[in-house]
Amino acid sequence: MFKRMLKHCKKPGSNFAGRFVLKSMNRGHRKRALYHLEHLPVCEGDLALDIGCGGGDNLRNLAEMTNGKVVGIDYSPASVKMSRKFCRDLIRQGLVRVIEGNVAQLPFKDNRFHIATAFETTYFWPDLTANFKEVYRILRPGGRFLIGVDDYEHALPWTKHITDMHVYTDDEMLTAMKTAGFRDLEVYHPEASENLDCVTFVGFKRSDA
């Protein structure tokens, strides 16, 4: 049963196991997600994009933080369906929109968003640097990109059990972000007493880009 669940970490399916994984993501990742979001500079009315929105919990978090509009994108139809259900009230209010799509080719014009976020998803991105360049493209000048993942030592053992999962050291992640064009890079590790085993990366698009 456990192995069947792990198969849905990369791209949750529409069966019971996939739905269970998505609901578990909403519950299990919430404390870490809130820690990551503490480090995201936000302005009133920011337009935000959550890439790999999963079960939709962070769409709610971002909508509350920005008091603006939030778009979620995921390449899993089951994730899109779950996020729409989880955020149906915000969708009715016109605050949240959820679409199916892939980080390798984001279906948005250049310089669209103030904020882009990626929670627990870069493990499965097909080409980290190229995908970061795509995120850079859709951000407005001065836009912020936040990545939240498990720290390297905590995540590495899971690569033996989860198909196509790749983890990166802090230096590898920062190098990919810098190569993609991001500047003023920041890294945050929680205190050991917080027992979160995660790391937050924040990068900024040049204001004159």
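**Close-ups of a predicted model**

**View A. Strands E5 and E7 side by side.** Strand E5 (residues 139-150) runs antiparallel to strand E7 (residues 198-204), and the two share seven bridges. Two strands count as paired if DSSP finds at least two bridges between them. Helices (H or I, at least four residues) and strands (E, at least two) are DSSP runs, numbered from the N terminus. Look for arginine 144, which stands opposite phenylalanine 204 in E7. This is a predicted model, where local features need pLDDT of at least 70, side-chain atom pairs count only at pLDDT 80 or more, and totals for chains, interfaces and linings use all residues. Residues are numbered from 1 along each chain as its sequence is written, and side-chain values use heavy atoms, with hydrogens and water left out.

**View B. The whole sheet.** Seven strands make up an open sheet with mixed pairing, in the order E3-E2-E1-E4-E5-E7-E6. At the edges sit strand E3 (96-100) and strand E6 (183-188), each pairing on one side only. On average, neighbouring strands here are turned by 15° against each other, direction ignored. Axes are lines fitted to C-alpha atoms, for helices over the stretch in contact, and angles run from 0 to 180 degrees between N-to-C directions.

**View C. Helices on the sheet.** Helix H4 (residues 57-66) packs on the sheet and touches strand E1 (48-51), strand E2 (70-74), E3 and strand E4 (113-119); contact means heavy atoms within 4.5 Å. The direction of H4 makes about 160° with that of E2. Helix H7 (residues 128-138) lies across E1, E4 and E5, and runs at about 140° to E5.

**View D. Aromatic rings.** Rings of Phe, Tyr and Trp (its six-membered ring) pair if their centres lie within 6.5 Å; planes under 30 degrees apart count as stacked, over 60 as edge-to-face and the rest as tilted. By this rule there are six aromatic pairs. Tyrosine 123 counts as buried because its relative accessibility is 6% (buried is under 20% relative accessible area, exposed over 50%, partly exposed in between; 1.4 Å probe, protein chains only). Tryptophan 125 and phenylalanine 132 are both buried. Ring pairs join Trp125, Phe132, Tyr136, Phe145 and Phe182 into a cluster.

**View E. Arginines over rings.** The charged end of arginine 60 sits over the ring of phenylalanine 86, 5.4 Å from its centre (the cut-off is NZ of Lys or CZ of Arg within 6 Å of the ring centre and within 35 degrees of the ring normal). Arginine 112 lies over the face of phenylalanine 113, 5.2 Å from the ring centre.
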